[in-house]
Amino acid sequence: VSLGENTLSSLTTGSSNFAVGSNAGLSLTSGEYNIILGALSGDALTSTSNTVIIGRASGSAINSTNANGSVLIGSYAGNAITSASNTVAIGMDAMAEHTTGDFNTVVGSSAMNDSNGHAGYHNSFFGAKSGAGAWAGASHSNTAVGSFAFGGGAKTATAVYNTTVGRDSLYALNSGHNNSAYGYRSGNAITSGDSNSTFGFQSGITIDDGRRNTIIGSGSDVS
């Protein structure tokens with residue numbers, strides 16, 4: 001089923017596709033069971049199947065069957081993805097610059113939106129601008145929950161295995177690893193520090209490159 005100028009205009013053997021919007025699914029030939037809604041959405045797909053792509057220019061660079069099953073919802077969501085697998089991006093500009101890293105789940109407006117094409121993988125970000133910041137490497141295996149959580153630092157390839165919950169928590173982190181922060185602004189100044197655990201409202205907010213600190217309690221910090 002197609003509706004819109006040039007929608008599914010290249011289809012040959014593909015079946016059970018649903019596309020609405022100008023140039024939606026423009027290049028699709030043999031892909032099957034895709035839902036593509038929005039102008040220019042999924043317009044580079046050829047043989048990719050089982051995707052849900054909704055929003056203007058969302059998923060517009062996907063060109064590989066590795067991306068089968070992608071779920072991209074929101075204007076420009078997953079806009080640069082080419083072959084990343086097992087991807088979920090929900091929210092306007094969510095994962096907008098991501099290309100090839102696998103197993104990422106991102107929910108929130110502009111979440112992980114400026115990864116600069118670095119192939120980060122196994123990241124889970126929930127909240128507006130979570131996991132954002134101008135990435136400088138393939139940061140991976142991080143979990144952030146809360147608006148702007150893990151969202152400010154220029155993350156490098158060593159920014160791995162971090163877990164944070166709370167608005168602005170671990171905000172400045174760029175190369176640190178193995179950090180855990182829970183609470184509003186908890187650990188928000190940590191950049192290169194590692195193996196820190198901070199629990200509570202604005203806990204550990206003066207830690208920068210420190211390591212192996214355990215901070216518990218609202219407003220608590222290193223002495």
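I began with Asp168, which forms a salt bridge (a side-chain nitrogen of Lys or Arg within 4 Å of a carboxyl oxygen of Asp or Glu) with Arg167, and I noted 3.3 Å between the closest N and O atoms. Asp168 counts as buried because its relative accessibility is 15%, while Arg167, at 46%, counts as partly exposed; here buried means under 20% relative accessible area, exposed over 50%, and partly exposed in between, with a 1.4 Å probe and protein chains only.

I had to keep in mind that this is a predicted model, in which local features need pLDDT of at least 70 and side-chain atom pairs count only at pLDDT 80 or more, whereas totals for chains, interfaces and linings use all residues. Residues are numbered from 1 along each chain as its sequence is written, and side-chain values use heavy atoms, with hydrogens and water left out.

Next I looked up Arg211, which forms a salt bridge with Asp194, with the closest N and O atoms 3.0 Å apart. This pair links distant parts of the chain, 17 residues apart, with Arg211 in the loop between β12 (197-199) and β13 (214-216) and Asp194 in the loop between β11 (180-182) and β12. Arg211 is partly exposed at 45% relative accessible area, but Asp194 is buried at 9%. A search of the whole structure finds 2 salt bridges.

Last, I turned to the whole chain, which has 0 helices and 13 strands, helices being DSSP runs of H or I with at least four residues and strands runs of E with at least two, numbered from the N terminus. Of its 223 residues, 47% count as buried.
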